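Subject: Structure handover and findings

Dear colleague,

Please find the structure below, with its sequence.

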Amino acid sequence: MKMKINNIIKHSLIVVCSMLLLVGCDDYLDVNDNPNNPPISTPSLTLPVAQQTFATLNGTSMVYLGQFMTYNWTTPSNWSANQNLIRYNFTNQQSTNIFETSYASIFKDLTYVQNYEDPTGASDYSAYDAIAQTIKGFQYQYLVDLYGDIPFTEANLRGANRTPKYDDAETVYKATIDSLTNAATLALNLPDGAADPDSQDIIFGGDMVSWAQFANTIKLRMLVRLSNTGQDAYIKDQISSINANGAGYIDYDVNANPGYSDDSGKQSPFWGYIGQGPGGTDIDRNDFTVATDYILELLDSYGDVRATQLYAEAANGGYKGAPQSTILPGTGFTSNDLSKVGPGLLLDFDQDQPIMILSESLFLQAEAVQRGYITGGDTAENLYNSAIEASFEYLGVEDATVAAQAYYAQAIANVSWGSSTDKIEAIITQKWIALNGTSSIEPWIELTRTGFPTNLPIPAESDGVRPVRLLYPDTEVSTNSNNVPAQTKTDVFTNNPFWK
């Protein structure tokens with residue numbers, strides 16, 4: 001199914017270009033050109049731009065931040081990059097594009113898609129609405145997880161309200177859950193004659209059952225996030241509504257790919273961010289992003305062959321990592337001495353951009369079963385093992401299923417289900433490994449929620465406390481000062497999400 005949909009999308013690029021004549025095919029991947037000007041745009045033109053911006057943000061800045069917060073990546077001694085990340089020196093300038101791009105681009109475009117009315121009355125855009133609600137749900141969850149209270153009810157009104165109020169984090173969460181419920185229902189019950197997004201949908205190619213499954217899976221992630229809030233009755237009731245729509249959960253990797261090419265600004269986002277530039281040119285970030293010693297040592301202790309897919313052999317030979325530190329020795333810890341991002345993550349300029357890989361969906365289901373939220377289906381153990389197998393497959397491990405089965409058969413806590421006394425710890429630890437380099441913001445948030453994986457190092461140059469959130473951007477503080485909640489720098493370390 002995954003390969004079929006991706007091939008349809010890639011081979012439909014010529015069709016897409018012909019339908020984008022008003023904005024130009026060369027602008028299809030240019031997220032700086034916003035086409036949501038009512039006289040010239042339609043949902044079919046605006047949706048792929050919103051999706052591409054969404055995929056790029058989640059596949060670049062958010063992955064990078066998550067990798068440092070979960071101690072997977074660090075910087076070699078011959079570079080001075082990432083010092084604030086390593087020192088946990090968070091200010092209102094840290095990772096601001098997560099907040100700003102969500103509101104100024106992604107939500108703006110998706111709201112235009114939702115509000116658009118065909119002046120001729122000939123086209124119904126309900127499918128586009130369902131897609132927009134689902135992507136918004138994905139991104140709103142992360143904004144609450146990372147910032148707490150955020151603009152919601154008054155957001156995305158454009159000129160009607162440029163200083164929206166901030167809504168309570170839990171209120172936003174539950175409203176988003178309701179929206180995801182509506183999105184799945186709408187995706188499965190489109191009106192007759194509803195416009196088919198087809199190749200304008202660069203994620204599922206217009207497959208609305210997949211959009212319903214994706215909405216269900218995002219909703220499940222939000223419900224599992226509430227596991228420590230004493231709301232089990234609410235969680236079970238909401239899962240019953242997922243069961244009622246009958247679509248189930250995502251059962252293959254969710255990727256975006258409009259037809260990436262080896263041109264500036266049009267490469268697959270993760271590749272262009274940390275792999276190579278057009279024509280194989282060097283990218284500084286590729287050279288100054290390396291493995292930590294901890295992750296390589298842990299994978300080795302687990303006998304985990306994914307290590308050589310997640311990380312590359314060092315230029316000087318072998319697999320070696322370093323502590324997260326800005327004062328590493330000048331010898332033995334340069335970019336040539338250390339392992340960079342590996343071949344299982346960096347494939348080529350036209351690789352799919354992952355948004356939610358199958359293993360995440362399976363780990364979510366495993367936890368929900370283990371907590372008693374999902375009943376009557378597969379066992380938590382089977383889902384856990386399938387999630388590990390999906391990770392091996394995704395990373396291109398040779399004989400992936402056989403290798404994965406040998407891996408989780410080892411009598412090692414947090415590897416083998418039977419050897420793990422705390423099943424939730426095993427699930428979250430394996431999720432941390434599986435999402436290394438794909439959806440890495442998720443393991444950071446899960447670390448805040450669960451405390452797993454345990455014994456994860458904290459950089460010596462920090463104050464010894466790991467961040468649990470981000471601060472609102474300076475741009476928001478300066479332009480919406482009457483509504484932005486008051487914060488101090490200590491909130492980064494002490495002001496936990498509402499579900500903690």
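The notes below take these topics in turn.

This is a predicted model, in which local features need pLDDT of at least 70 and side-chain atom pairs count only at pLDDT 80 or more, while totals for chains, interfaces and linings use all residues. Residues are numbered from 1 along each chain as its sequence is written, and side-chain values use heavy atoms, with hydrogens and water left out.

Cavities

A search of the whole structure gives three cavities of 30 Å³ or more. A cavity here is a set of points, on a 1 Å grid over the protein atoms alone, where a 1.4 Å probe fits but cannot get out; lining residues have an atom within 4 Å of a point. Grid points are joined across faces, edges and corners, and a volume is the space filled by probe spheres set on the points. The largest cavity has a volume of about 70 Å³. Its lining consists of 13 residues, and Asn58, Ile355, Thr438, Ser439 and Ile441 lie nearest the centre. Two or more lining residues come from each of helix 3 (43-59), helix 4 (61-69), helix 7 (126-147) and strand 6 (353-356). Helices (H or I, at least four residues) and strands (E, at least two) are DSSP runs, numbered from the N terminus. By class, the lining of the largest cavity has seven nonpolar, five polar and one charged residues; Ala, Val, Leu, Ile, Met, Phe, Trp, Tyr, Cys and Pro count as nonpolar, Asp, Glu, Lys and Arg as charged, and the others, Gly among them, as polar.

Helix 17

In helix 17 (residues 400-408), Ala400, Ala404, Tyr407 and Tyr408 are buried. They lie on the same side of helix 17 because they cover an arc of only 80 degrees around the axis, the arc being that of the directions from the helix axis to the C-beta atoms. Val402 and Ala406, on the other side of helix 17, are exposed. Buried means under 20% relative accessible area, exposed over 50%, and partly exposed in between (1.4 Å probe, protein chains only). The buried residues of helix 17 pack against helix 16 (380-394) and helix 18 (423-434).

Salt bridges

The count comes to 14 salt bridges, each defined as a side-chain nitrogen of Lys or Arg within 4 Å of a carboxyl oxygen of Asp or Glu. Arginine 449 and glutamate 367 form one of them, at 2.9 Å from N to O. Arginine 449 lies in helix 19 and glutamate 367 in helix 15 (residues 358-370), so the pair ties together parts that are 82 residues apart in sequence. Both arginine 449 and glutamate 367 are buried. They also belong to a network of salt bridges that links Asp145, Arg221, Arg225, Glu360, Glu367, Arg371, Lys431, Glu442, Glu446 and Arg449.

Another salt bridge joins glutamate 461 to arginine 87, with the closest N and O atoms 3.6 Å apart. Glutamate 461 is partly exposed at 26% relative accessibility, and arginine 87 is partly exposed at 35%.

Phenylalanine 107

Phenylalanine 107 is in helix 6 (residues 96-115) and is buried, with a relative accessible area of 0%. Leaving aside neighbours within four places in sequence, phenylalanine 107 is in contact (heavy atoms within 4.5 Å) with Ser102, Lys136, Gln139, Tyr140, Leu143 and Asn156. Phenylalanine 107 and glutamine 139 are 32 residues apart in sequence and 8.9 Å apart in space, C-alpha to C-alpha.

Yours sincerely

Notes:
On a 1 Å grid over the protein atoms alone, a cavity is a set of points where a 1.4 Å probe fits but cannot get out, and a pocket is an open set with protein on both sides within 12 Å along at least five of seven lines; lining residues have an atom within 4 Å of a point.
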